[in-house]
Amino acid sequence: MQMIFEMSAFTTICFIMGYFGAVPLAANQIANLLGNCSFMVSMSIGSATTIVVSHMFGLEDMDGARKVAKCSARLSLLWGLLVMILFFALKDLTPMMFTQNAEVRQMASVFIMMYGIYQVSDAVQTVMVSVLRALQDVSKIAQYAFFSYIALNIPFACLCAFTLKMGP
């Protein structure tokens, strides 16, 4: 359910960008692609964390599970910070790989910075969700994901984009 809620929010944002036209939609897709590539590393760290923490949990070694969770959280935090720094440093160069359209490149560079900031929290939450999965505590994940992505994210995006007229 957590992944469904997260993907629903990202899909809704794509529709919102499409409402504003081809340029914002293209710029969003560039930033989204980069964010998804970064997310794959976080997801890999999370998958490994799930396996090791569930093994420790099965052995009733909660100290070991806690150490693995902390180590994975730190690793994912470092990854998120590194990605944020790279996204900020390469925000103007990266869009050039995708388009020659100056307007799309300029907007994509702004979106890339936003995605860079998001990568820090996303990397850590991905690993923490993996820890909860390993401990077989998934009901809380779905509740928090629904609140964060559906009840908060989408209305906030609509408020900013349309009501406050901030646009894409």
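Helices H3 and H4 meet through a set of residues that includes Ala69, Ser72, Ala73, Ser76, Leu77 and Trp79 on the H3 side and Ile112, Met113, Tyr115, Gly116, Ile117 and Gln119 on the H4 side. By class, this contact comprises 19 nonpolar residues, five polar residues and no charged residues. The model is predicted. The chain it describes contains five helices and zero strands.

**Packing of H3 against H4**

- Helix H3 spans residues 62–89 and helix H4 spans residues 102–134; their axes come within 8 Å of each other.
- The two axes cross at roughly 170°. Angles over 145 degrees count as roughly antiparallel, and H3 and H4 are therefore roughly antiparallel to each other.
- The crossing of H3 past H4 is right-handed.
- Further along H3, the contributing residues include Gly80, Leu81, Val83, Met84, Phe87 and Phe88.
- Their counterparts in H4 include Val120, Ala123, Val124, Val127, Met128 and Val131.

**Overall architecture**

- From the N terminus on, the order of elements is α-α-α-α-α.
- Along the principal axes, the C-alpha atoms occupy a box of roughly 55 × 30 × 20 Å.
- Of the contacts with a separation of 6 or more, 80% are between residues 24 or more positions apart.

**Burial and surface**

- The chain has 168 residues, of which 38% are buried.
- Its accessible surface amounts to about 9,700 Å².
- Carbon and sulfur atoms account for 71% of that accessible surface.

**Loop residues with positive phi**

- Glu60 is not a glycine, yet it adopts a positive phi of about 60°.
- This residue, Glu60, is located in the loop that joins helix H2 (22–58) to H3.
- The relative accessibility of Glu60 is 70%, so the residue counts as exposed.
- Gln136, also not a glycine, has a positive phi of about 60°.
- Gln136 is placed in the loop between H4 and helix H5 (139–163).
- With a relative accessible area of 67%, Gln136 is exposed; the cut-off for this class is over 50%.

Terms used. Residues numbered from 1 in each chain as written. Predicted model: local features only at pLDDT ≥ 70, side-chain atom pairs only at ≥ 80, totals over all residues. Heavy atoms only, no water. Axes fitted to C-alpha atoms, helices over the stretch in contact; angles between N-to-C directions. Helix = DSSP H or I, 4+ residues; strand = E, 2+ residues; numbered from the N terminus. Parallel < 35°, antiparallel > 145°, perpendicular 65-115°, else oblique. Left-handed = near helix turned anticlockwise from the far one by under 90°. Contact = heavy atoms within 4.5 Å. Nonpolar A, V, L, I, M, F, W, Y, C, P; charged D, E, K, R; others polar. Buried < 20%, exposed > 50% of the residue type's maximum accessible area, 1.4 Å probe, protein only. Areas by Shrake-Rupley, 256 points an atom, 1.4 Å probe, with all protein chains shown as cover.
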